[in-house]
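Please look over the sequence and the structure shown here before reading on. The paragraphs below go through them part by part.

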Amino acid sequence: MTVTIKQAAGRTAFIVRYLSPSLLAAILAGVVASAALFVPPYVGMADNGDFSRIVYGNGLYFNAPDYNGQFFGYFVRKYGIFHYFNEYAALFSSQSIFIRLSLALNILLYSAADYDIRFQAVIYVALLMAALYLLVEGLTWRVPRKYGYAFALLAVFLFADTGYTAYFNSFFGESVVLLMALFMTASILLIYRKRYNDYVMLSLFAVSVLLLTTSKQQNAPVGIISAIAGLAFVYLRPKKLYRIAAVGALSVLLLTGVATYALIPQQFVNINQYHAMTRGPMMLSEDPEAMLETFGIDNQFALLAGTNYYERYTTIDVESPMLAERFYKKYGFGSLVAYYATHPTEAIEMLDLAARHAFTIRPAAMGNYEQAAGKPFGEHTRFFTGYSMLKEDLAPKTFGFIVLWICMVTGSNAPSFAAAVKSRNIRDATKLPMLLMLILIGLSGIAVSIIGAGDADLAKHLFLFTVMFDIVTFLAIGDLMLRKYWRQAKDAQASEAVKAVGREPII
């Protein structure tokens, strides 16, 4: 009995010594995601018709005879690989990088004729493990292991939820959004905590924001918001080389945000612009005819109120020159913003409508299983979906709750920000601006969705917000529980630096 207790104590000591919280989070996330994605019945996400935008341009095509019949209901695992001239141009998206990489692995290790989407999932799972390692490392560095392990488990519970990882077995850009948002946040946290080299973390921040911004056209504001908020990083070090590197990186992010918006294909512009009006002001207004006249639009177009661009039978061809000349040209993003600003009742109604979908991780419309699995059409997996189900069921679905959440997060960090500014501690003062950056990025997802496309497919369009909500909430919980230990770690680190060189080392 004594030997057994000693052996158990020895194993525990070994685990505590060599298995850090960050490593535990990475391993558990990899195990959970692999069980969902690579063990039958495989979990993925059914196509809602969007895959064609990204698939053809990257050398793949749909080779399942009944592919169209599986829309929304079943996820498809295998695709064909083009061997002849491909007339389709690749969509401007960083998602193509990961598809091309997975295609190369597929050809090298599996087949030059058939593509298995699980090769893409392998890449995404590896990135998820790396992202959670860095995120948890930034949160739990130099804090007691008992707290660190708890937050490692929390990170896995939130971000390895199958509602998130099911996207890995699909061609939706949400996979890149999730992963790059985690890397971006991890780099911010590691810079704030002064863990690892500032140059390396700044590079990680720039690359992750770059890939996040270009993953989807609606993410164009991400680059602009990050570039402006990132100015706080410029003054972390007095070294001229560092400041030049920081300004250069932020300039690239700003230009990338502008370019992403400018390069949106005209077809997508028309689709979103149609929904922005028909599924926005026209749908909300009690008098759509009068509302249209405020935009200088013929009131006969009120017949389009509430309609969808993809409807088979419509009163007018949505791609007709007449609609382009007499409807689309009459309004844009700016005029819609002005309309909502002068009609607060409709604006609040639309914001509350968005809030009802803002806490949904996986859209209800798309199934998670292959047809061969024998599951009902559109069936959702329940494997490791505790968080996504709790969030869907328990989150107050009003915009007022979102405002309250923002006030709580920013208010709890305001005193420490004021103290950092008073003491001229630039590194500590970056925390609140970075949290505000994450919040603004999330809110931009709401704004772009409702102003740019009305209520069309809101659950999917608001994915950026739901990711940012989870990340900021995770950080807020960590800050609440670990602030005391962070302060002690900072004091100890400052004391060591003073003893070593008498001032903060400058690289």
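What follows is a walk from the whole chain to single residues and pairs of residues.

This is a predicted model, in which local features need pLDDT of at least 70, side-chain atom pairs count only at pLDDT 80 or more, and totals for chains, interfaces and linings use all residues. Residues are numbered from 1 along each chain as its sequence is written, and side-chain values use heavy atoms, with hydrogens and water left out.

The secondary structure of the protein consists of 24 helices and 3 strands. Helices (H or I, at least four residues) and strands (E, at least two) are DSSP runs, numbered from the N terminus. Of the 507 residues in the protein, 51% are buried. Buried stands for under 20% relative accessible area, exposed for over 50%, and partly exposed for what lies in between (1.4 Å probe, protein chains only). The protein exposes about 22800 Å², and carbon and sulfur atoms supply 65% of that area. Accessible areas come from the Shrake-Rupley method with a 1.4 Å probe, and for residues only the protein chains shown count as cover. Among contacts with a separation of 6 or more, 77% are between residues 24 or more positions apart; a contact means heavy atoms within 4.5 Å.

Helix H10 covers residues 220-229 and is largely enclosed by the rest of the structure, because 7 of its 10 residues are buried. The buried residues of H10 are Ala220, Val222, Gly223, Ile225, Ser226, Ala227 and Ala229.

The surface has patches of two kinds to consider. Patches are made of residues with over 30% relative accessible area and no salt bridge, where like charges are joined within 9 Å and nonpolar side chains (Val, Leu, Ile, Met, Phe, Trp, Tyr) within 5 Å. Leu23, Ile27 and Val31 form a nonpolar patch on the surface, with about 230 Å² of accessible area together. Valine 31 belongs to helix H2 and counts as exposed, at 51% relative accessibility. In an α-helix there are 3.6 residues a turn, so residues three or four places apart point the same way.

A patch of negative charge on the surface gathers Glu286, Asp287, Glu289, Glu293 and Glu349. Lys and Arg count as positive and Asp and Glu as negative, while His and the chain ends are not counted. The place of a charge is taken as NZ of Lys, CZ of Arg, CG of Asp or CD of Glu. Glutamate 286 sits in the loop between helix H14 (281-284) and helix H15 (288-294), and is exposed with a relative accessible area of 83%.

Next come the loops. Between H2 and H3 lies the loop that holds proline 41, and the peptide bond from proline 40 to proline 41 is cis, with omega near -10 degrees. Glycine 49 is found in the loop between helix H2 (21-38) and helix H3 (52-55). Glycine 49 is partly exposed, with a relative accessible area of 29%. Its C-alpha atom is separated by 8.5 Å from that of asparagine 68, 19 residues apart along the chain.

Phenylalanine 384 has a positive phi of about 45 degrees although it is not a glycine. This residue lies in the loop between helix H18 (344-355) and helix H19 (386-394), and at 30% relative accessibility phenylalanine 384 counts as partly exposed. Arginine 424 is not a glycine either, and its phi is positive, near 60 degrees. Arginine 424 is in the loop between helix H20 (399-422) and helix H21 (426-429), and is exposed at a relative accessible area of 76%.

Last come the charged pairs. Side chains of opposite charge can pair when their charged atoms come close. A salt bridge is a side-chain nitrogen of Lys or Arg within 4 Å of a carboxyl oxygen of Asp or Glu, and the count by this rule comes to 12. Arginine 195 and glutamate 137 meet in a salt bridge through their side chains (2.7 Å, N to O). Arginine 195 lies in the loop between helix H8 (174-192) and helix H9 (198-213) and glutamate 137 in helix H5 (residues 118-140), so the pair ties together parts that are 58 residues apart in sequence. Glutamate 137 is buried, with a relative accessible area of 8%, whereas arginine 195 is partly exposed at 22%.
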